[in-house]
Amino acid sequence: MTTVDKQLIGYLKDAHALQQHVQAALSEMLTTAANEPEMCRPLGRYAERSRTHTRAIEARLKAHGSAPSIVRDAGMLFAAVVEGGLGRSRRDPAGKHMRDAYVAAHLQVAAGEMLRRVAERAGDRETAEVAAAMCDDAYAMSRELSDRWDLAVDMSLRQHGVKDVPPPPDPGSPPPGGPPAG
């Protein structure tokens, strides 16, 4: 086995562990956002796509005569469980889960980009395609989340007992305490 092949397997195992973490984080966020269909729909689609990527990564590991790393997966799952437990005890679960999901999407992009590039150098077109699909979905999720920051703030404020959540400011208006428009 070449050094490039060893690196490829290592990146596949890392990607698998990250997928496990993302799935657990998405589960927590879906629970937090259960009453917000505008948030749940894209998260649910992304969770399903993440499960598909996990299965594809497992198939690529098998094709290379390897398997997911129990140690890496356990470490990521432990981190997700700890984060989930913290999420329940946090004063701002909606906001923190949104932030964490956004970060997780970008971690998936980084993992997928590295995996794709190593796979290309190893001549493994199938793994490169799996990694590219993982990146595409993570980029799409990042955009979906970016479009919902105000919703996350609304959810967070409601969780803190704000009954009449004020609407977001008009994009053309100056920030509070900022210079007057014009």
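Colleague: How do α1 and α4 pack, in terms of angle and axis distance?
Modeller: In this predicted model, α1 and α4 pack at an angle of about 160°, with their axes 9 Å apart. Axes here are lines fitted to C-alpha atoms, for helices over the stretch in contact, and angles run from 0 to 180 degrees between N-to-C directions. Helices (H or I, at least four residues) and strands (E, at least two) are DSSP runs, numbered from the N terminus.

Colleague: Roughly parallel or roughly antiparallel, then?
Modeller: α1 and α4 are roughly antiparallel to each other. The cut-offs are under 35 degrees for roughly parallel, over 145 for roughly antiparallel and 65 to 115 for roughly perpendicular, with the rest called oblique.

Colleague: And is the crossing of α1 and α4 left-handed or right-handed?
Modeller: The α1 and α4 crossing is left-handed. Left-handed is used if the near helix is turned anticlockwise from the far one by less than a right angle, and right-handed if clockwise.

Colleague: How do the residues of that contact divide by class?
Modeller: The contact of α1 with α4 has 20 nonpolar, 5 polar and 3 charged residues. Ala, Val, Leu, Ile, Met, Phe, Trp, Tyr, Cys and Pro count as nonpolar, Asp, Glu, Lys and Arg as charged, and the others, Gly among them, as polar.

Colleague: Before we go on, what should I know about the numbering and the model?
Modeller: Residues are numbered from 1 along each chain as its sequence is written. As the model is predicted, local features need pLDDT of at least 70 and side-chain atom pairs count only at pLDDT 80 or more, while totals for chains, interfaces and linings use all residues; side-chain values use heavy atoms, with hydrogens and water left out.

Colleague: Thanks! How many helices and strands are there?
Modeller: The protein has 6 helices and 0 strands. Of its 182 residues, 38% count as buried, where buried means under 20% relative accessible area, exposed over 50% and partly exposed in between (1.4 Å probe, protein chains only).

Colleague: What about α1 against α2?
Modeller: Those two pack at about 155°, with axes 9 Å apart, and are therefore roughly antiparallel. α1 passes α2 in a left-handed crossing, and the contact has 14 nonpolar, 8 polar and 4 charged residues.

Colleague: And where does α5 sit relative to α2?
Modeller: The axes of α2 (residues 37–63) and α5 (residues 125–146) come within 10 Å and cross at roughly 165°. This pair is therefore roughly antiparallel too, and the crossing of α2 and α5 is left-handed. Residues in the contact include Pro42, Leu43 and Tyr46 of α2, and Val130, Met141 and Leu145 of α5. By class there are 11 nonpolar, 2 polar and 6 charged residues.

Colleague: Switching to the core: which residues touch the most other members of the largest one?
Modeller: Met39, Leu43 and Tyr46 do, in a core of 22 residues. A nonpolar core is a set of buried Ala, Val, Leu, Ile, Met, Phe, Trp, Tyr and Cys residues joined through side-chain atoms within 4.5 Å. The elements giving two or more residues to this core are α1 (3–32), α2, α4 (93–122), α5 and α6 (149–159), and the largest share, 6 residues, comes from α4.

Colleague: What does Leu43 touch?
Modeller: Not counting residues up to four places away in sequence, Leu43 touches Leu26, Met29, Leu30, Met141 and Leu145; contact means heavy atoms within 4.5 Å. There is also a second, separate core of 13 residues, which includes Ala15, Leu115, Val118 and Met134.

Colleague: Is Ala47 buried or exposed?
Modeller: Ala47, found in helix α2, counts as buried at 7% relative accessibility. Leaving aside neighbours within four places in sequence, Ala47 is in contact with Leu26 and Leu30.

Colleague: Last one: where is His64?
Modeller: His64 is in the loop between α2 and α3 (70–89), and counts as partly exposed at 24% relative accessibility. Beyond residues up to four places away in sequence, His64 touches Leu8, Ile9, Leu12, Asp124 and Thr127. His64 and Lys6 are 58 residues apart in sequence and 9.7 Å apart in space, C-alpha to C-alpha.
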